[in-house]
Amino acid sequence: MTQTPQQHFDAVASIMQDVKFAMLTTITAEGHLHACPMTTNHINLPAREIWFIGDKTTETVKDIQNNAQVNLSYTSKDHKDYVSINGHAELVDDADKLDELWSPMYSAFFEHGKEDVNVQLIKVVPNGAEYWLSGSDVVNFFKMTAAAVTGGKIADSLGENSAFSF
């Protein structure tokens, strides 16, 4: 069955909505992949915006300055569903957007709060996404048991996997 763009957005949003942290992967100056956990601040998939607040002194921000290509990985709270989003990151200086996104919890990371010179808004603009929905544990258990007994392959029927472009 072919899914509509809205169905893809809904599936990805359902995984991401309760997951506060993403693994943000950047490309270093040496061409290596570097991943670090980041707090997702705001998600608007139809507008192609995923916002983070970072620190200008980190390797992550320096990597983005040199190569904007990034990947975000999310895992649902029950560790059954997964999302991978590829896109490019923009380093944004916008006081109004910072006011909108700022939370007092960020003060733990910045000595001078939101006025700290090292505060850096990061906007990820998604190009595409892939997601994996594992389905029901009970149903999958019976499918795996049946496959073990009969020697049949069932991995393709243990959930849903889709990829789409924004």
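Does threonine 25 count as buried or exposed, and at what relative accessibility?

**View 1. Threonine 25 in its strand of the predicted model.** At 18% relative accessibility, threonine 25 counts as buried, where buried means under 20% relative accessible area, exposed means over 50% and partly exposed lies in between (1.4 Å probe, protein chains only). The residue lies in strand β1, residues 21–27; helices (H or I, at least four residues) and strands (E, at least two) are DSSP runs numbered from the N terminus. Not counting residues up to four places away in sequence, threonine 25 touches Leu33, His34, Ala35, Gln69, Val70 and Asn71, a contact being heavy atoms within 4.5 Å. This is a predicted model, in which local features need pLDDT of at least 70 and side-chain atom pairs count only at pLDDT 80 or more, while totals for chains, interfaces and linings use all residues. Residues are numbered from 1 along each chain as its sequence is written, and side-chain values use heavy atoms, with hydrogens and water left out.

**View 2. The protein chain as a whole.** The secondary structure comprises 4 helices and 8 strands, which follow the pattern α-β-β-β-β-α-β-β-α-β-α-β along the sequence. Of the 166 residues, 38% count as buried, and residues 24 or more positions apart account for 68% of the contacts with a separation of 6 or more. The accessible surface of the chain comes to about 9,500 Å², of which 54% belongs to carbon and sulfur atoms; such areas come from the Shrake-Rupley method with a 1.4 Å probe, and for residues only the protein chains shown count as cover.

**View 3. Aromatic pairs around phenylalanine 164.** The structure holds 6 aromatic pairs, with rings of Phe, Tyr and Trp (its six-membered ring) pairing if their centres lie within 6.5 Å, and planes under 30 degrees apart counting as stacked, over 60 as edge-to-face and the rest as tilted. The rings of phenylalanine 9 and phenylalanine 164 have their centres 5.8 Å apart and their planes at 85°, so this pair is edge-to-face. It links distant parts of the chain, since phenylalanine 9 belongs to helix α1 (residues 5–16) and phenylalanine 164 to strand β8 (residues 160–165), 155 residues apart. Tyrosine 131 and phenylalanine 164 also form an edge-to-face pair, at 6.3 Å centre to centre and 70° between the planes. Tyrosine 131 lies in strand β7 (residues 119–133) and phenylalanine 164 in strand β8, so the pair ties together parts that are 33 residues apart in sequence. Tyrosine 131 is buried with a relative accessible area of 0%, and phenylalanine 164 is buried with 11%. Ring pairs link Phe9, Tyr131, Phe164 and Phe166 into a cluster.

View 4. On a 1 Å grid over the protein atoms alone, a pocket is an open set of points where a 1.4 Å probe fits, with protein on both sides within 12 Å along at least five of seven lines, and lining residues have an atom within 4 Å of a point; grid points are joined across faces, edges and corners, and a volume is the space filled by probe spheres set on the points. Of the 18 lining residues, the closest to the pocket centre are Pro37, Met38, Ile53, Gly54 and Phe109. β2 (33–39), β4 (49–55) and α2 (59–66) each supply at least two lining residues, and β2 gives the most, with 5.
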